[in-house]
Amino acid sequence: MTRLVEIRTYRLKPGVAEAFHHAVHTVAVPMLKSRNMDVVAYGHSDHEEATYYLIRSYASRAALEAEQDAFYGSSEWKNGPRAELVDRIETYMNTLIWLSEDAIISMRELNKA
């Protein structure tokens with residue numbers, strides 16, 4: 001079985017990496033998980049401190065669109081961590097790929113290291 005994987009890569013503004021990680025780790029990821037969104041991995045890039053990644057998986061393109069519309073349109077997000085995170089991002093890029101369940105399981109190891 002395969003799943004659609006979204007790899008979101010953020011280029012952060014200077015000096016905000018630790019605060020961004022703290023907000024993602026303590027607020028955003030728990031909020032995503034509370035809505036049953038599959039957060040595969042997240043964290044700082046090994047290559048640049050000012051680069052951060054968030055990887056999520058979805059059953060289909062339609063599931064991605066429905067889950068993201070519901071989440072990003074929610075007052076919980078808009079009145080919660082949105083500004084704290086968005087204000088720290090310089091640019092970002094999304095990449096969508098289809099991966100096997102085994103590949104996703106391997107990616108989950110990124111947050112166990």
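Predicted model: local features only at pLDDT ≥ 70, side-chain atom pairs only at ≥ 80, totals over all residues.
Reader: Which residues of α2 are buried?

Author: Ala 63, Leu 64, Gln 68 and Phe 71 are the buried residues of α2. Down the axis of α2, these buried residues fall within an arc of 115 degrees, so they line one face of the helix.

Reader: What covers the buried residues of α2?

Author: The cover includes β1, α1, β3, α3 (75-78) and β4. Contact here means heavy atoms within 4.5 Å.

Reader: How do you know that the span of α2 agrees with its number of residues?

Author: α2 has twelve residues.

Reader: What makes Gly 15 count as exposed?

Author: Its relative accessibility is 86%. Exposed means over 50%, so Gly 15 counts as exposed. Gly 15 is found in the loop between β1 and α1. From Gly 15 to Ile 55 there are 40 residues in sequence and 23 Å in space, C-alpha to C-alpha.

Reader: Why is Asn 36 called exposed?

Author: The relative accessible area of Asn 36 is 68%. The cut-off is over 50%, so Asn 36 is exposed. Asn 36 sits in the loop between α1 and β2 (38-44). Its phi is positive, about 60 degrees, although Asn 36 is not a glycine.

Reader: How many residues line the largest pocket, and which lie nearest its centre?

Author: The lining has 17 residues, and Arg 8, Tyr 10, Tyr 72, Trp 77 and Ile 89 lie nearest the centre. The space in this largest pocket is about 300 Å³.

Reader: Which elements each supply at least two residues of that lining?

Author: They are β1 (2-12), α1 (17-34), β3 (51-58), α2 (61-72), α4 (82-86) and β4 (89-100). α1 gives the most, with five residues.

Reader: What makes up the lining of the largest pocket, by class?

Author: The lining has 15 nonpolar, no polar and two charged residues. Tyr and Trp count as nonpolar and Arg as charged.

Notes:
Residues numbered from 1 in each chain as written. Heavy atoms only, no water. 1 Å grid on protein atoms, 1.4 Å probe; cavity = no way out; pocket = protein on both sides within 12 Å on 5 of 7 lines; lining within 4 Å. Points joined across faces, edges and corners; volume = space filled by probe spheres on them. Helix = DSSP H or I, 4+ residues; strand = E, 2+ residues; numbered from the N terminus. Expected span 1.5 Å × (residues − 1). Buried < 20%, exposed > 50% of the residue type's maximum accessible area, 1.4 Å probe, protein only. Arc of directions from axis to C-beta.
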